[in-house]
Each structure stands twice: as C-alpha cells, then as structure tokens.
Amino acid sequence: MRYCRLGKTELEVSVVGVGTWQYGGEWGKTFRQDEVNAILARAYDLGINLIDTAECYGDHLSEELIGRAIEGTRDQWILATKFGHKFHRPFERDTLYDPQQVLEQLQGSLRALRTDYIDLYQFHSGNDEQLATPGLWAMLAEQVKKGTVRHLGLSIGNNDNLAQVEKSPELNVQAIQVVYNRLNKKSEPRVLPACMELDLGVLARVPLASGYLSGRYTTESVFAETDIRGRGQEEWRLDALRQAQVIKQTEVPAGVPMAEWALAWCLKHPAVTCVIPGCKSVEQVESNAAAADLDVLRDDIPGVGAGKLDPSV
Ligand SMILES: NC(=O)c1ccc[n+]([C@@H]2O[C@H](COP(=O)([O-])OP(=O)(O)OC[C@H]3O[C@@H](n4cnc5c(N)ncnc54)[C@H](OP(=O)(O)O)[C@@H]3O)[C@@H](O)[C@H]2O)c1
C-alpha cells in the first residue's frame, strides 16, 4: 500500500480506501455484520486505513456496521463520513442542512461509528444554497474546536462545481470528494487543478463507474430492482457499458484485471489523493488494494501516460 497526505491535513491516507454505500442495502445485497467484519479486517491487513461512509447509507446503517467492525481498532482508521440527509426506506432521503439538524446527524454518526471523533466530516453533495445555510459552518467550526470533528470536507454533487471548491479555504475545508473515473472526467478541466492550487485533498469517488468499469458486465447484464443500478438510468447504463467494452479492448493491457486498471487510472492524476471504490467482498478489497502497486510499477498506463504497457513489468 502507498500513503498520501490528505491536502493540508496531517492525515496520511492509503491511496486506496473502502467505499461503503453498499452496506446501506441499496446495491442488491443486505450485509451481515460478519461480512463487513471480514472485508474491513482484510482491508486493514492490506494496509488500507481509509473508510468513506455517510449518514444516509441506510439510516446510519453503514456507519453502524463499520462501528461494530472496527470497535477496538478505531484509532488505526481514518473515518470519513457525511452530513445533509436522512434516509427513509426503501430508498428515499430528506435533505437537512440546518445547523441543529446537522448536529443531530453528527451525534447519530458518532453513536453509530462508536467513536467520539470523525476524521473527515463532509458536506454531502448539497447545492450552493445549502452550502450557504446560515450558521452551518460556524457550528462545524465549533465541532472542530471541540475535537468531535478533525477535518472538514466537501463532497461536491456537480462534478464541475468550481465555486464550492473555491469556497473551501474560507470554510476551513481541506478535502474535496468528487466523481472521477475513466468514463467521467468532468472534474479534470477545472476542479482538479483548483484542488492542486489550493492544496486540497481529493477523494475520487465512483472510481469504477458504479462497477461498469470492473470488466464483469456487458450491455446484456441485468441488475435486480433492489440494486441501485437496476432502477432507472437505463440509457446511461447502456452507454457506459458500451464505452467500457471498448476501453477493455483498447486500453486495458492483457493480463491486468480491468477493475485494478481503472483504479490505477484515477490514481495517475496528480490531484487525486485516493480512490474509494465501493466494496462488497473480501475478493474485491484484495483486488482494489492491488491497484496501488499497479500505479507504482506501471508508469505508462495507456489513456494517461504515453506508450504501451509491458505486462511483464
Ligand atoms: N455523493 C457522494 O458523496 C457519494 C456518491 C456516490 C458514492 N460515494 C462514495 O464513493 C464510494 C464509491 O462509489 P460507488 O460505490 O458508488 O461506485 P464504484 O466504487 O465506482 O463501484 C462500486 C461497485 O464496483 C464493484 N466492484 C468494486 N470493487 C471491485 C473489484 N475489485 N472487482 C470487480 N468489481 C468491483 C462492486 O459492484 P458489484 O460487485 O455489484 O459489481 C461495487 O458495488 C461509495 O461506496 C461511497 O462511499 C459518495
């Protein structure tokens, strides 16, 4: 594993983290505690120290599963969670940015995660008006002072939201979370350069394009209705899978698993501190961790650098 400083913070995060939206139950699978325990134990063995979760992956459900799994080893992890929503079954969310509501969400997250501090507390993809909610950032500054939150982050919803990124210094925000993957480069022209300029850490989310860059799916693949990928956006999904098929044939070197290649592709961008692939099994966490070495060893991954990859390297 490799580690990178997250923006101006003192946090040294593994370049591959664990994304945990899946544990909230919206990805066609209900997770048992022993399954999450096994994934996170293996992640830890592999040197992964960063977990990204949120208040609304289930109603604090993902956080609860994580909290129980890492109880006793909490100080060895960097926990990133988020605020701004309340989850309702089956798959609905209320949006809540009022400072008192966010404070209650924070208390809920601390309880669920069985901890008394959050390492990175992220604004969860709200719009510019929600970012400007009166009293929100003063309340959060107070939490940083008290130590319940170590650092603040913005998970930007629109991947080209330069205005929110540029506001970061005045909000004492030190990390940006943004969609970045081989199929979605919207953050490349403006957001990623601004993050470098402002020395903001970057968590690249959805790095596998929701799994479509894993190499496992084709346009014929069928997703269950209990899987977020099986509910709507069919046109977009088919287009993504068509593109992924071409990329698999033209860019992914023979012998390299596509998921690892896709993560390494993200890590090649100098602004990207880490990727946070959503992870459903021990096998996936092992494959995802391997991407960190792929990046180091293979300097000429097609699509980013020049030249052809020699699979024997
Ligand atoms: N607004 C926000 O702040 C926001 C929004 C979205 C996501 N996030 C965060 O970012 C994380 C990552 O995004 P995501 O989970 O939506 O998408 P993603 O990481 O692009 O894709 C995750 C899916 O890829 C597949 N996968 C993972 N590792 C694999 C491997 N090694 N080999 C093959 N397939 C693999 C799994 O699906 P299958 O096994 O079912 O194929 C998994 O469910 C989330 O978990 C969450 O923590 C934040």
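**View 1. Contacts of isoleucine 118 in the predicted model**. Beyond its neighbours within four places in sequence, isoleucine 118 is in contact with Leu79, Thr81, Ser109, Thr148, Val149 and Arg150. Isoleucine 118 belongs to strand β8. This residue counts as buried because 25 other C-beta atoms lie within 10 Å, where the cut-off is 20 or more. Threonine 148 is one of the contacts; 30 residues separate isoleucine 118 and threonine 148 along the chain, and their C-alpha atoms are 6.2 Å apart.

**View 2. Strand β5 and its two faces**. Strand β5 spans residues 78-83, and six of its six residues are buried. One side carries Ile78, Ala80 and Lys82, while Leu79, Thr81 and Phe83 are on the other; both faces are covered.

**View 3. Pairing of β5 with β8**. Strand β8 covers residues 118-124 and runs parallel to β5, with four bridges between the two. Phenylalanine 123 in β8 stands opposite phenylalanine 83.

**View 4. Pairing of β4 with β5, and the helix between them in the unit**. Strand β4 (residues 50-52) is also parallel to β5, joined to it by three bridges. Isoleucine 51 has leucine 79 in β5 as its bridge partner. Together with helix α2 (residues 61-70), β4 and β5 form a β-α-β unit that is right-handed.

**View 5. Residues 303-313, a segment with pLDDT under 50**. The chain has a mean pLDDT of 93, with 94% of its residues at 70 or more. Over residues 303-313, pLDDT stays under 50, and the model has 22 contacts there beyond four places in sequence.

Conventions
Residues numbered from 1 in each chain as written. Predicted model: local features only at pLDDT ≥ 70, side-chain atom pairs only at ≥ 80, totals over all residues. Buried ≥ 20, exposed ≤ 12 C-beta atoms within 10 Å, placed from the backbone. Pairing = 2+ DSSP bridges. Right-handed = clockwise from strand over helix to strand, strands pointing away. pLDDT = per-residue confidence, 0-100. Contact = placed C-beta atoms within 7 Å.
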